[in-house]
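Trainee: I am new to this structure. Please take me through one part of it closely, the side-chain pairings.

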Amino acid sequence: VLSAPKWSTTITGLKAGLTYQVVETNVPSGYKSNTTQDDVNSFVITNTLQWNMVKTDKLLAGEEESNRSYLPGAVFELYQTSNDQKVATGTSSEDTEKRGIIEWTFEGEVNLNGEYKIVETKAPDGYQINEDGWTVEFKDGIPVKFDGKEITSDDVKENGIVLILENEMLYELPSTGGPGIY
């Protein structure tokens, strides 16, 4: 569902000695376009689906999406489940423009394929740590499942795929009792 057919074209009749430029003018929403030179006479345009993970509060039943709060300061570790190897650490951004986006630092060259576990090691201030974590399955660096739910083209938004990692607020039960009545 998240892949498109491959295509190619050949442009002939170009005069030698001139400089030509190939520009993709209609990049699909949620994708980033990159052009590389394959050899002297060949170029490759690659469109890559963008994805982010965002840390937010947990919405209550019936609450509007616009009421969601983006939470900075959460810290995560990403583990490949097949060998329990940590491949990255991440922190939800403090930058208000980035709105809770988790910025990942990978440990070396990582090719995201297969299932991974996201472990929260520090919750945002005022929120409970998510003890269960989340699972995400990647194929060729693109998330295809999140917590067991398949990601479809309906999940691709203007800025790509956005996976939401929610936290519940800390709360304290009110004290009860007192001196009592005899």
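Mentor: Here is a walk through the salt bridges and then the aromatic pairs. This is a predicted model, where local features need pLDDT of at least 70, side-chain atom pairs count only at pLDDT 80 or more, and totals for chains, interfaces and linings use all residues. Residues are numbered from 1 along each chain as its sequence is written, and side-chain values use heavy atoms, with hydrogens and water left out.

Start with Arg68. Arg68 sits in the loop between E3 and E4. Strands (E, at least two residues) and helices (H or I, at least four) are DSSP runs, numbered from the N terminus. Arg68 has a relative accessible area of 11%, so it is buried. Buried means under 20% relative accessible area, exposed means over 50%, and partly exposed lies in between (1.4 Å probe, protein chains only).

Now look at the partners of Arg68. Arg68 and Glu166 form a salt bridge, with 3.0 Å between the closest N and O atoms. A salt bridge here is a side-chain nitrogen of Lys or Arg within 4 Å of a carboxyl oxygen of Asp or Glu. Glu166 lies in strand E12 (residues 160-167) and Arg68 in the loop between E3 and E4, so this pair ties together parts 98 residues apart in sequence. Glu166 counts as partly exposed, because its relative accessibility is 26%. Glu65 belongs to the picture too: Glu65, Arg68 and Glu166 are linked in a network of salt bridges.

The side chains of Arg68 and Glu166 also make a polar contact at 3.0 Å. A polar contact is a pair of N or O atoms within 3.5 Å; within protein, one must be able to donate a hydrogen and the other to accept it, and residues adjacent in sequence count only if both atoms are side-chain atoms. A polar atom of the Arg68 side chain lies 3.1 Å from the backbone oxygen of Asp57. Leaving out residues up to four places away in sequence, Arg68 touches Thr56, Asp57, Leu59, Ile164 and Glu166. Contact means heavy atoms within 4.5 Å.

The count of salt bridges comes to 7. One of them joins the side chains of Lys55 and Glu120, at 3.3 Å from N to O. Lys55 lies in strand E3 (residues 51-57) and Glu120 in strand E7, so the pair ties together parts 65 residues apart in sequence. Lys55 is buried, at 0% relative accessible area. Glu120 is buried as well, at 5%. Another salt bridge joins Asp155 and Lys149, with 3.6 Å between the closest N and O atoms. Asp155 is partly exposed, at 22% relative accessibility.

Next come the rings. The count is 4 aromatic pairs. Rings of Phe, Tyr and Trp (its six-membered ring) pair if their centres lie within 6.5 Å; planes under 30 degrees apart count as stacked, over 60 as edge-to-face and the rest as tilted. Phe76 and Trp104 form a tilted pair, 6.3 Å centre to centre with 45° between the planes. Phe76 is in strand E4 (residues 75-80) and Trp104 in strand E6 (residues 102-106), 28 residues apart. Both Phe76 and Trp104 are buried.

Tyr116 and Phe138 pair edge-to-face, at 5.5 Å centre to centre and 80° between the planes. Tyr116 is in strand E7 (residues 114-122) and Phe138 in strand E8 (residues 134-139), so the pair ties together parts 22 residues apart in sequence. Tyr116 is buried, at 1% relative accessibility. Phe138 is buried, at 2%. Ring pairs link Tyr116 and Phe138 with Trp51 into a cluster.
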